Amino acid sequence: MNRPKTPTREVRFLIVDDDKVSIMALQRTLKKLRIVNQVDIAKDGLEGMEILQDRVAQHGQLPPYIVILDLNMPRMNGLEFLDEVRGDPKLHKLIIFVLTTSDTPNDVAAAYDKNVAGYIVKDNPKESLSDALEMIGAYSRLVEIP
Amino acid sequence: MNRQVKPLFRIVNRLRGAFGFAIVLLLIMLVLVFVQSTDLKDSQRYLSENSVPQMIQAQNIQNSVEVINARFRELQSTQDQETLVRQIDDLSQDLVKLRKSIYTLSEFRRSIELTRELGDSVDHAIQDLVLFQQQQTDVFQTIEKIDENSEQILSLAVGSRDLIEKVLLEKVGNNSDFVERMQDESAVIVEQEIGQALSEAFLSALNLAELATNYETIAEQILSITHTDVGDMEDLQSQFEALGFRTRVLVRLVQQLDPSENQVNLARNVLDIRRALDGENGLIENKIHLAKISFQSDVLIDSQFQVFSRVSKKASELAQTSFDEVSAGSNRLALDFERSTGFVFAAGVGSLGLLMLTGFFVVEKQINRRVTALTGSVEAIAGGDLSFPVQQNGRDEVRAISDALQIFRTNAEELDRSNKELEKFAYIAAHDLRSPLVAIRDLAEWTVEDQSNVLSEESTENLALLRTRVERLNNLLSDLLAYSRAGFGSSEYSEFDLAGYLAELQDMLSPEAKFKLEYRGPSAGVYMPQLPLKQILLNLISNAIKHHDKENGFIVVSLKVDENSLYFKVEDDGPGIPVAYHDRVFELFQTLQSRDDVEGSGLGLAIVAKLVKYLRGEISLASNPEIQRGLQVDFTLPAGLGPSSAHPTT
């Protein structure tokens, strides 16, 4: 349900994932759910950091973002990205959802250790991805994003 | 890898050696002590049965001898006949008692000479005492006789007075005749006659007076004699002489008297006196006899007294000898005892020292420390710390165990490594294999979605098949992962709400309740391995639903509990499994129907079997579709510690 939002700041999504097909799936699903927020793509943690830091440089502070983060990526993986973000005073308040295939308890624990907003396992049924993104969409509309 | 060291010098043997040695030492000590103790007992018995009683007896003898000595002394001074008799009696009793004591002593067969001398002396004393008694009786009798004698003589003397009077009277009578004649004028009295008559009268008067005087004197002298102590023989002798003289005078005087009846009587009187004095059993005789006897008995007593002084000395000697023997005996006893104690002490100290040494060196250093270290290592390694060090020293059983532990640890490390590798592999499989799969599936789907207009039917179907195969691959991957991980999760036992879980499964697997899931068993309080059990039940029940050939069905899960085991049963009313395949179904990748008809990786039951085995339980099937529909899977798991044992139920 689209409610008119205070027009000042619109939430952006940042998808950090190295799998092209996975990104395509996310984009298609978002489109299906008619979630039209602006989406930035990063293929690994390093690129993700660059994008965020660029934005900070542009606007003086970070605009509202929700990050959808995969864990297994080259150069800088999800957990390392989390470390970087949480260590950066300008970025540490970011809302981050982990969306990954890994269901190992170690990964879950490590992610929550770094205060992710939620950890979602990419299950086989396609519905879960749709549900997850629907939830994130609702989240972006309902919740005050820093 | 360490080669196993042959236990050449077993710890047990070291201990056996040490203990054996200590035992031998103690045995030797026991033997020695036993031997010593027999000696001790003998010594002690000899003391108590011989030396000490002997000494006591000797001392008794000594005391008796003192008493007897005292009595002898008393005897010497006693004059009173009654007292004397009593004393002699007492003394003879004492002597007899003493003789008995000496005899008892002689039975000990020590100091035989002394004892015999003593015995002889006492016998002697007893005999002498008898003699003494006789003598004393004699004495007293003689004294009586003397008294009688003196009484007799005195009475005779008194009697004589009468007679003298009578004679006097006679004389006077005669003279009166003469006086009458003189008065008779007619009578012619010759001067001669007068003169004769006067001198007669005068003489008579003189004689009579002398007679009377003599009688008195005699009487006095007799009394004196009677009371003279027989000790003074000279005195007595002179008295006897005087008395003899007097009596002779008496006789002469009486002879000089005119013969008459009275004179005859007087003469007889005098004779009687003389007899009473000089004659047999007369005063003098008796007195002399008394003197003799008294002397004899005094001598006897004296000698006896001296003898008994020697006896007393001998008795003292005997007592001393006995005492010395007792001392010697008790010294010997003390020595023996010391020696015994010495043995015991030495053996005790030796054993103690040996045991302490053993305790320290063998038990403490060789066994305890090493075993403790080994136990620590075993526990640490069993608990998972594979890097814990293992001591390897010595050449005994402990070393053998350490070596084995080292091997075991190495194996465990390898196992750990391969487990870690497997986990890594599983992780890789989960991620790196899955992502492309998902991509393939999605791309196929999108192609269908986006280009459904352009695609031919065949292409669409191909793509659909593509998707199912991908799906299958994905499921296989999941199951493979599950299989590889089976048993690596926690098998901790906790209170598990089985009914609740089954309700969840009902919702998850058959939400419209096409298949009814029922539970029979204890509702609470049973300890079960929750995590693996959830997996097992999930697999079994989803199998039951998946393979059911009808739209609706029943699945019953039941649980029985006893002290040792948890008995699970999962029954369904599906088609069952033919007997021929009962073994195969538990193998990897075995399905009973083609994967096109029933999607299944063939791993479900394999996972169940692996889990059950991992939990150290047993599993079996019961099904025979030829006879009846349905499948029953029974599996048993060991019971957990906890209240489950308190709830044996159907």
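These are my notebook entries on a sheet in chain A and two nonpolar cores in chain B of a predicted model.

**Entry 1: the sheet in chain A.** I looked up the strand order and found an open sheet of five strands, β2-β1-β3-β4-β5, with parallel pairing. Strands β2 (39-42) and β5 (118-121) of chain A stand at the edges with a single partner each, so one side of each has no neighbour in the sheet. On average, neighbouring strands are turned by 20 degrees against each other, direction ignored.

**Entry 2: one strand pair.** I then picked β3 (residues 65-69) and β4 (residues 95-100) of chain A, which run parallel and are joined by four bridges. Here I found V67(A) opposite I96(A) of β4(A).

**Entry 3: helices on the sheet.** Helix α1 (residues 20-32) of chain A packs on the sheet and touches β1 (12-16), β2 and β4 of that chain. I noted about 155 degrees between the directions of α1 and β1(A). Helix α2 (residues 45-59) of chain A also packs on the sheet, touching β1, β2 and β3. Its direction makes about 140 degrees with that of β2(A).

**Entry 4: cores in chain B.** Which residues have the most contacts inside the largest nonpolar core? I found L498(B), M528(B), L537(B), I541(B), F568(B) and F635(B), in a core of 41 residues. Among the elements supplying at least two residues each are α10 (498-509), β5 (565-572) and β7 (631-638) of chain B. The largest share, seven residues, comes from α11(B). Beyond its neighbours within four places in sequence, M528(B) has contacts that include F496(B), L498(B), L559(B) and F568(B). Apart from this core lies another, of 33 residues, among them Y215(B), L236(B), F240(B) and L277(B).

How values were computed: Residues are numbered from 1 along each chain as its sequence is written. Chains are lettered from A and ligands numbered from 1 in the order in which they are written. This is a predicted model: local features need pLDDT of at least 70, side-chain atom pairs count only at pLDDT 80 or more; totals for chains, interfaces and linings use all residues. Side-chain values use heavy atoms; hydrogens and water are left out. Two strands pair if DSSP finds at least two bridges between them. Axes are lines fitted to C-alpha atoms, for helices over the stretch in contact, and angles run from 0 to 180 degrees between N-to-C directions. Contact means heavy atoms within 4.5 Å. A nonpolar core is a set of buried Ala, Val, Leu, Ile, Met, Phe, Trp, Tyr and Cys residues joined through side-chain atoms within 4.5 Å. Buried means under 20% relative accessible area, exposed over 50%, partly exposed in between (1.4 Å probe, protein chains only).
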